Amino acid sequence: MPTDAKTILESLATAIMLTDGQYKIIYANTSAEQLFGMSRSKLRSLKLTDLINRHEKNLMENLSRALKANFQGFSASDIAVGIDPAHTISVDMSISQYSGKNKGLIVEIKSINYQQKLSDERQRRTQHLAARDLIRNLAHEIKNPLGGIRGAAQLLEMTFGKAADITDYTKVIIEQSDRLKTLVDNLLGPQRPNPMSLANIHYVVEKVLSLEAMATKDKIRFEKDYDPSLPELMLDVDAMQQTFINIISNAIQALTESNTERPLIKIQTRAVNGMVINGFKYPTSICVSITDNGPGIPESIMPKIFYPMVTSRSKGNGLGLSIAQSIVERHNGTIECESHKGKTTFSVILPIKKDVFKSEDI
């Protein structure tokens, strides 16, 4: 069966680069672009040695011998790479020689941070699903007697309704039972998802922003940076609107409660290539990033922010992000979060195509 070597290289999660006989980079795949955060045209203007931290003396010595005839190739672990010495990333690197019309090096690079991210993502997903199942089982157990309590209160009210004191008590019981039922229904989540239909992600975001702009009365500035070339996706539009409402509402409340000066929420849409989501690599995905300039999320709850009932707000119930994550997962996507003081970004990542590869195979 004929194969296209370039297509295979572009599909790999491993960063691959080729150099010429003077260590100048002549090819870099998509994963290399993502790893170094620059385009391949920029990478092709550099030498391999430009990307390696100057403190990696052993590696530089091995490179000096890499183009000699008896070179057998080598691998190095925990190597610091990056253009800016102050912002390097740790990688595992393998270097081998190729020859033919020209002579140069094949460089394979795997980010240690990337491997850790995959491991953390699997662990977080497992813990999230376990916590969600536990909460849902508890919610089912609570819902049945709750209906009985409400019914008993109504019966008491009907039987002894003329007694003012009884009516006051039964009214409290019924109101609180209804409040708990609403909470339990939110914990159980949507039981009958809406059908999917083709929709533009910007249409969904704009609907949410129009609602939030009216609610905030121009007290918070919304900045938009859309990629108009993004294709339509198969979406549960109502559910996806709920996802963005939950995330943006959290940002608004954080900005309001912290009295942030010049509060800003920025929404950016982009196409991203080669994303690994829940153990599968998708050729192309859409990323919707929602960034606020608020106080940030406390470090103590960052690993648990998508768990049900976890919140840093005094009036929050901790369900919004858990519900949002469940909705996005139904679309084969994921939500990522990065946060520090002055900047919190939630990224909703939705795959465009369904031709996927297991992460173990790429």
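Predicted model: local features only at pLDDT ≥ 70, side-chain atom pairs only at ≥ 80, totals over all residues.

Visitor: Which residue of S10 does Met-275 stand opposite?

Guide: Met-275 stands opposite Tyr-282 in S10.

Visitor: How many residues lie between the strands in the hairpin of S9 and S10?

Guide: There are 2 residues between the strands of this hairpin, and Asn-278 takes a positive phi near 55° there.

Visitor: Which other strand is joined to S10?

Guide: Strand S12 (residues 343-351) is joined to S10 by 8 bridges, and these two run antiparallel. Within this pairing, Val-288 stands opposite Val-348 in S12. S10 therefore has bridges to S9 and to S12, and its burial may be considered next.

Visitor: How many residues of strand S10 are buried?

Guide: A residue is called buried when its relative accessible area is under 20%. In strand S10 (residues 280-292), 11 of the 13 residues are buried, so the strand is largely enclosed by the rest of the structure.

Visitor: Is Cys-287 buried or exposed?

Guide: Cys-287 has a relative accessible area of 12% and is therefore buried. Cys-337 is also counted as buried, because its relative accessibility is 17%.

Visitor: How many disulfides does the structure hold?

Guide: The structure holds 0 disulfides.

Visitor: Let us turn to the surface. Which residues form a nonpolar patch there?

Guide: The patch is formed by Leu-156, Phe-160, Ile-166 and Tyr-169, which together have about 400 Å² of accessible area. One of these residues, Ile-166, is found in helix H6 (residues 164-188). Ile-166 has a relative accessible area of 31%, so this residue is classed as partly exposed.

Visitor: How many helices and strands does the protein have?

Guide: The protein has 9 helices and 13 strands. Of its 362 residues, 40% count as buried.

Visitor: What is the accessible surface of the protein?

Guide: The accessible surface comes to about 20,600 Å², and carbon and sulfur atoms account for 53% of that area.

Visitor: What part of the contacts with a separation of 6 or more comes from residues 24 or more positions apart?

Guide: Such residues account for 62% of the contacts in the protein with a separation of 6 or more.

Conventions. Residues numbered from 1 in each chain as written. Heavy atoms only, no water. Disulfide = S-S within 2.5 Å. Buried < 20%, exposed > 50% of the residue type's maximum accessible area, 1.4 Å probe, protein only. Patch = residues over 30% accessible without salt bridge, like charges linked within 9 Å, V, L, I, M, F, W, Y side chains within 5 Å. Areas by Shrake-Rupley, 256 points an atom, 1.4 Å probe, with all protein chains shown as cover. Salt bridge = Lys/Arg side-chain N within 4 Å of Asp/Glu carboxyl O. Helix = DSSP H or I, 4+ residues; strand = E, 2+ residues; numbered from the N terminus. Pairing = 2+ DSSP bridges. Contact = heavy atoms within 4.5 Å.
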